[in-house]
Amino acid sequence: MADCIRVPLLLLLMCILSAVHHIRGDNSVVSRLNGNADNLQNPAGGPGPVAVIPVAADRSLAAGASLPRRRSAGWKLSEEAVCREDLTRLCPKHSWNNNLAVLECLQDKKEETEIAAECNHLLWNYKLNLTTDPKFESVAVEVCKTIIPEIKECAAEELGKGFLVSCLVDHRSNISDYQCNQYITKMTSIVFSDYRLICGFMDKCREDINTLRCGSISIGEKDIHSQGEVIACLEKGLVREVEEQAGAHTIKDDCKKAIMRVAELSSDDFHLDRYLYFSCREDRERFCENTLAGEGRVYKCLFNHKFEETMTERCREALTTRQKLIAQDYKVSYSLAKACKSDLRKYRCSVDTNMPRAREARLSYLLLCLESAVHRGRVVSGECQGEMMDYRRMLMEDFSLSPEIVLQCRSEIEGHCSGLHRKGRTLHCLMRVGRGDMGAIDPNCQRALQTLIQEADPGADYRIDRALNEACESVIQTACKHIRNGDPMILSCLMEHLYTEKMVEDCEHRLLELQYFIARDWKLDPILYKKCQGDAARLCHTHGWNETSEMMPPGAIFSCLYRHAYRSVEQGRRLSRDCKVEVQRILHQRALDVKLDPELQKRCLTDLGKWCSEKTEAGQELECLQDHLEDLVSDCRDVVGNLTELESEDIQIEALLMRACEPVIQAHCHEVADNQIDTGDLMECLVQNKHQKEMNEKCAVGVTHFQLIQIKDFRFSYKFKTACKEDVLKLCPNIKKKVDVVMCLSTTVRNDTLQEAKEQRVSVKCRKQLRVEEVEMSEDIRLEPELYDSCKQDITRLCQNVAYGNAQVIECLKENKRQLTSRCHQRIFKLQEVEMVDPELDYQLMRVCKHMIRRFCTESEGKNVLQCLKQNKNSELMDPKCKQMITKRQITQNTDYRLNPVLRKACKADIPKFCQPILNKATADSELEGQVISCLKLKYADQRLSTDCEDQIRVILQESALDYRLDLQLQIHCTQEISSLCPEEAAAQEQTGQVEECLKVNLLKIKQDPCKKEVLNMLKESKADIFVDPVLHTACALDIKHHCAAIPPGRGRQMSCLMESLLDKRIRLQPECKKRLQDRIDMWSYAAKVAPAEGFSDLAMQVMTSPSKNYILTVTGAGVALLFLMGLLCGRFTKRVTQELKDR
């Protein structure tokens, strides 16, 4: 500080006088200072450094001011006539004997109070002479003798030029001695209350003052001793230049440096910023009355009340200007610079501060540097962190403090966010614009917003964001009260309650606006950064917290983390457990809103507008993209596909779905849900329990939607992909759709089974999972796209009011099979064919009969379940609903032999042998409607079937004899007769053969030949086995036991036994049995008349199956014998006559 250039660094401590309200004349240092002031002599007056006693410098300008050229020792300002009136009016009498107290009083006059120009000029000359008086410098040497040697710059100053005092003021923050500190504080208020008193300031800023018209250098044109408005004008000009406002003037670097230094030196006490002091004097009394001056406390207090309604606009403007200067140079904040000084040095955050407003001096750089240290786990003092939080909150509250926002977002502010500047509302409005909720945003504005969010770092403490804090206060108090106030987990807690009853709309908006930007830089989530910084450095090659890399931008790091989080073990490096938990947490949050996933929004922006513009509810946009997966552009399809694949592994990422499914998870899937690592088990559990009573509509819809998405690509089913990936690559290459993959693998398994291959080509683990997938697909027709597309018309026409799921639509189509269109009918028939071969794929059967299967069929293989249920159908323990379902399946089987795999196998030789004409007439895709089975029944009656086939037909005959619905041909041809002749029996639906008995009894009343033929066939079939006639069998059960027990059933043997017993007068049958037998004989007699034998073989079979076959055979044999004898006799007689004729 050897020359005058150093002095301007002190330049604007021009008002520090007020900072020493507590320092009074009774203090020893102040007393000495006052003594020197009172004993100064001024030989000529005027502002020259030679002057000793302060007098008016220019008597011509001081009209009426008559100061003697010499003053006696003890000269008082109060004795001067030019100031007496003002002194009497403004200053208390006890201060008149103290020149410094008088000076302080007149300097700090109220703004509206004027003092005489001559008095102003007198005071100015007095202060000017004080600055260079050797006596004051000698006092400084004496009072600060222990401090000066410690400050090398001050020790080297030349005495007698006033530089020593300036140097001590410049380093006053390092002065620990109490008396020295008092002296320097008092001198500061004297020397720097006017910018013109600082050596060199006028030279540096003269041109800029004139250009900006901030005031005049001429004495008398402005407030002579208080030039705060001039400094304020320069500061505003500096701010306009930084913000690149229209018409902004470029201030010279030397003047910029001087302005910033003045602001810095006035940072500890607001009295020293004369413009702010006068602008905020009333506000200070209103808001900060009890706040002690010094160390920037009043500034901080006023900053905290800046947006109060009662704050004056002028004070608010002055505070904003000062905050903008702090944003340019953190040292303008005394408390921040002091609190963080050691930390800045420790973490090398102040590398170069020689240049005015150097990068390292910017508040943003300081915040980023120290925040980086905190996030890395370094120790930053609590006092410094408290100051940092205050200024981070300040940045979030007022967007105008960030020149980049003002500059880059000007059009957005004017177009969407004008008039909302208070309490952070403008910033949140800009965030909303950035989200795309209010139109497009300029990329530069977007980057400026992202930078500001990083500087303020509201993710570390939500309270920094005042708008969010106020909007979400009620939610935090109710939903997050268990979390410590200010904890970073508060934001996560709020996200967990997004779209819940506890969330309020305003909080929801503010939260999503902030999370949009936090989601675009992984470092802004402090918990994620803390847990994953090691993994990110190891796997994603990241740099420091506030450093970026073009190779790995912040937004790409999270993508890198979640790829490693869900990479299988054999693929190598995985995340640590703690990091994976945090990655899952973030994924859960992002699933709530598609805009929280930067990659998804970036690549799918066009598709979102094209396909999903009307999907505005929570979670709908992602579902929409998944629904239109095939229609998306390649980049978007890849992102949506990867996200869906990720969800298949961990469905808990779908937070909205998890909330909806909470009841069913707690009731049925809690053990799976509690697993830290989900491998698709939870979704599988939800699918299996989709129709439990705890399942609500939202959960069912969500689970079904995920199932529908899974069919688009086998990779979307994690367990299936894991189990069958190798099999798919080997056996089904180039097939992507899950349905096609399942079909391909199922066909391979079926072929290997039918061909009895030595080794199955599909692995065991894949076969097991394949079964799960096949069962799941059978639950909803929409999970089988080809079937669904083929039957859409029929569903609309026949099953409009039937809900999807539980295979209800498929069941509806089966029940209306005869009314289906040809294409749908073919698909349903093929589906039934598969289900009959493998009943486990029959979802309705397995669901309705689940408990009965456990009771009766635990030891049966899956393919034999239906057969087992049929065998136990009439058990007293059989559930009625299951029994009804079994009957439905029996009816289905009897419609076509191809739907009865057991029959098909047993009769594979008999069917082409006896029923070929029927097969010849049928097409490959047509259903035979029970014709083949009817054909086999007739051959059974003729006793021409193979043993295996006969056994199966017997079972069918026995079942259909009890329930006419199992005989499709009878049902088709006799519908009218049943409704007219047997309505009561049909309505009863009792499977006891009553409808068949009714038709037999009313045979003579049946007019339709097809129906009559079917009833006659029933009569014919009943001759072959009494079990085929349930009414007769019931009536004669005791007689069979008593008289025919030794005779095996089948081939009409027991029926013949009963008929012989009827004819045997020695045997007395039960009356009911006797009556029923007589009725059957009459029916058979009528049948024989109505339907005579069609050929010799038919006649022979009728005789052989007749109950009176012994009688018939005896009579026939006797007749044949008689004819033989007659032939012999007639032959001998004719031979004798012929011989006689020859002899003649």
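**A tour of the disulfides**

Begin by selecting cysteine 669 and cysteine 685, which are joined by a disulfide with an S to S distance of 2.0 Å. As with everything on this tour, the geometry belongs to a predicted model. Viewed along the S-S bond, the torsion of cysteine 669 and cysteine 685 is about -90°, so this disulfide is left-handed. Next, display the secondary structure around the pair: cysteine 669 sits in helix 34 (residues 662–673), whereas cysteine 685 sits in helix 35 (residues 681–688). The two cysteines are 16 residues apart, and the pair links distant parts of the chain.

The link of cysteine 604 and cysteine 636 is right-handed, with 105° about the S-S bond. To see what this bridge connects, colour helix 30 (residues 598–611), which holds cysteine 604, and helix 32 (residues 634–649), which holds cysteine 636. This pair also links distant parts of the chain, its members being 32 residues apart. Are cysteine 604 and cysteine 636 buried or exposed? Both cysteine 604 and cysteine 636 are buried.

The sulfur atoms of cysteine 791 and cysteine 824 lie 2.0 Å apart and form a disulfide. A value of 100° about the S-S bond makes the link of cysteine 791 and cysteine 824 right-handed. Select helix 40 (residues 785–798) and helix 42 (residues 822–837) together: cysteine 791 lies in the former and cysteine 824 in the latter, so the pair ties together parts that are 33 residues apart in sequence. Cysteine 791 is buried, as is cysteine 824.

Now select every cysteine sulfur atom. How many disulfides does the count come to? Applying the cut-off of 2.5 Å between cysteine sulfur atoms, the count comes to 29 disulfides.

The protein has 62 helices and 0 strands. Switching to a colouring by burial, 55% of the 1144 residues are buried. To end the tour, display the accessible surface, which comes to about 53,400 Å² for the protein. Carbon and sulfur atoms account for 50% of that surface.

Definitions and conventions
Residues are numbered from 1 along each chain as its sequence is written. This is a predicted model: local features need pLDDT of at least 70, side-chain atom pairs count only at pLDDT 80 or more; totals for chains, interfaces and linings use all residues. Side-chain values use heavy atoms; hydrogens and water are left out. Helices (H or I, at least four residues) and strands (E, at least two) are DSSP runs, numbered from the N terminus. Buried means under 20% relative accessible area, exposed over 50%, partly exposed in between (1.4 Å probe, protein chains only). Accessible areas come from the Shrake-Rupley method with a 1.4 Å probe; for residues, only the protein chains shown count as cover.
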